Amino acid sequence: MYPSRSLPRLRTLHARSYATSRQPLSGLSQTARSRAEKLSAEWKGTSATGENTKNFIGGEFVESKTKDWIDVVDPASQTLLTRVPETTGAEFEQAVSAASEAFKSWSKSSVLTRQRFVIELQRLLREHSDAIAASIVLEQGKTYADAQGDLLRGQQVVETAMGIPTALLGDTIEVSKDMDTSSRRLPLGVCASIAPFNFPAMIPLWTIPMAIATGNTLVLKPSERDPGAAMIISELCSRAGLPAGVLNVVHGTVPTVNAICDHPQIKAISFVGGDRAGKHIYERGRQTGKRVQANLGAKNHAVVMPDANKNHAINSLLGAAFGAAGQRCMAVSVAVLVGNAQQWLPELVERAKNLKVNQGFEDGADLGPVISPAAKSRIEGLIASATEQGGKIILDGRGVEVPGYAEGNWVGPTIIEATTDMRCYKEEIFGPVLIVVPADTLDDAIDIVNANKYGNGTAIFTQSGATARKYETHVEVGQIGINVPIPVPLPMFSWSGNKASFLGDVPFYGKGGINFYTQNKTTTSLWKAEDAIGNKASVDMPTHH
Ligand code: NAD
């Protein structure tokens, strides 16, 4: 179907539909069930009652003709919600053709037309935030409040894109007498966006408004595990007046991703996800001359100084380590306790025990399930490796049970004392596991953080401006929080993860997003003032020479 090279295998096992006999709706609670039925009734492209998820090609929600379907299941109950297609080669080609055709007119549309589209999209996203959040809870598993936050962080990118006329302003200078050079930012063409499972709304919204407001057209491939939010957003794009073909959504896994990397008409790829897929996509996409920006994995350290506000530091650690079941690329996964701050560990553990693991619609849920049984067993394996390698599990979330949800992928908050040579420290766990390492001094803490290969995010908790200043200056991490646990900058800035957490040259959204999705054209023109026709009317017979 697609040109094959040595394809890396998907990191986790996907439930292909031919391998399952799951029944739609069977395991859902009453609340989840009514949400699922409402979603399925109201939105064309997605389902939570077992119908197939559609592709969105040329402005239409179309059922794939593929024979290869992937189950999307509720991670709290394994209930089948929908199936996504492994898009066929012909369907993929239709999506790229639709995007190429739409580019001809969309790239020429006025910047005010594009601005009006993002303004309307923002209004509709607000109006339908409930549906998007419900879809996220069902498919991804995070709590309803957290799902609203997922969408809100994406909406902030849409809001920033409303400033597109100003953001696209070019430069002009008179380079010599009567000669001007001016620059314009022009779109690239058809772009592609490949998203991970953990932020089903936010990450598609990192790229949709930026790519489209700059005049490009887009082929989006959401995560095959939770496509619903992207499908609702696509429908809202249509309702906001986006012409057919400007946004297209294709589903699938490695073959669809490789088709994106190889297609000559696709000019740029935005990828967010794990290291393995990201490196592959970066290398394969670059081979065909594409721009690629790839946000990858992370291991984020929070340094807790003994002079910190203890209550704030502990609460921040808990929220940042265990919120979203640790499935955030900016989750705090390592706490470096400096000096006397090590004495706060028992209190940290006690408060972590109070967090409630539950299905995302349930009252009081602090964290939901992890995404899949495979993710659960990988996380549990990494927890087990800590004991094998001499670490100490001081809070063990394995085996946690949630009444009414016997089949869920549950892992409770877990805290492990470890050293930096252990697997549980070195590998990204992407689950509710906090590794605690001690340090004697601030300098030791900085050395620990800088020796780590990743550079996505870090935080320091201290009451000293000087300590914070030193940390900020010396730490080699792209996104730093000072008494702020998850320092994701708002989108007037760009995402700034670095080291092994990023591949490419130009980051997501903010000024970086504008630069990524545009190329400059400069024009130098000479209009000699002396050639101007005098402003005095001529009464002579025109002779046209
Ligand atoms: P993933 O890499 O498994 O999947 C991401 C996307 O790549 C999906 O659309 C998937 O279909 C595709 N894919 C997966 N394996 C592939 C392969 N071998 N070849 C080609 N395509 C492939 O990531 P995930 O599990 O969905 O998300 C979790 C990861 O994403 C974590 O590592 C997390 O740190 C990272 N992440 C990073 C950021 C960031 O901004 N740095 C943000 C969110 C998530």
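In this briefing a residue is called buried when its relative accessible area is under 20%, and exposed when that area is over 50%. The model described here is predicted.

**Helix α1**

- Helix α1 covers residues 30-42, 13 residues in total. The distance from its first C-alpha to its last is 18 Å, close to the 18 Å expected at 1.5 Å a residue.
- A32, A36 and L39 are the buried residues of α1. Viewed down the helix axis, these buried residues fall within an arc of 65 degrees, so they line one face of α1.
- In general, residues three or four places apart in an α-helix point the same way, because there are 3.6 residues a turn.
- Q30 and A41 are exposed and sit on the face of α1 turned away from its buried side.
- The packing partners of the buried residues of α1 are α4 (129-140) and α8 (228-239).

**The ligand and its surroundings**

- The ligand is surrounded by 30 residues, of which the closest are A195, E224, G274, L296 and E428.
- The side chain of E224 has an N or O atom 2.7 Å from an oxygen atom of the ligand.
- The side chain of E428 likewise places an N or O atom 2.6 Å from an oxygen atom of the ligand.
- In L296 a backbone N or O atom is involved, lying 2.8 Å from a nitrogen atom of the ligand.
- The ligand taken alone exposes 840 Å², and the protein buries 97% of that area.
- Two or more residues of the shell around the ligand come from each of α7 (202-213), α9 (254-262), β10 (266-272) and α10 (275-287).

- Apart from neighbours within four places in sequence, G228 contacts T46, S135 and E139.
- P369 is 141 residues from G228 along the chain, and the C-alpha atoms of the two are separated by 18 Å.

- The side chain of D150 reaches the backbone nitrogen of M202 at 2.8 Å.
- Not counting residues up to four places away in sequence, D150 touches I136, K142, N198, F199, P200, A201 and M202.

Terms used: Residues are numbered from 1 along each chain as its sequence is written. This is a predicted model: local features need pLDDT of at least 70, side-chain atom pairs count only at pLDDT 80 or more; totals for chains, interfaces and linings use all residues. Side-chain values use heavy atoms; hydrogens and water are left out. Helices (H or I, at least four residues) and strands (E, at least two) are DSSP runs, numbered from the N terminus. The expected span of a helix is 1.5 Å times one less than its number of residues. Buried means under 20% relative accessible area, exposed over 50%, partly exposed in between (1.4 Å probe, protein chains only). The arc is that of the directions from the helix axis to the C-beta atoms. Contact means heavy atoms within 4.5 Å. A residue is near a molecule or strand if one of its heavy atoms lies within 4 Å of it. A polar contact is a pair of N or O atoms within 3.5 Å; within protein, one must be able to donate a hydrogen and the other to accept it, and residues adjacent in sequence count only if both atoms are side-chain atoms. Accessible areas come from the Shrake-Rupley method with a 1.4 Å probe; for residues, only the protein chains shown count as cover.
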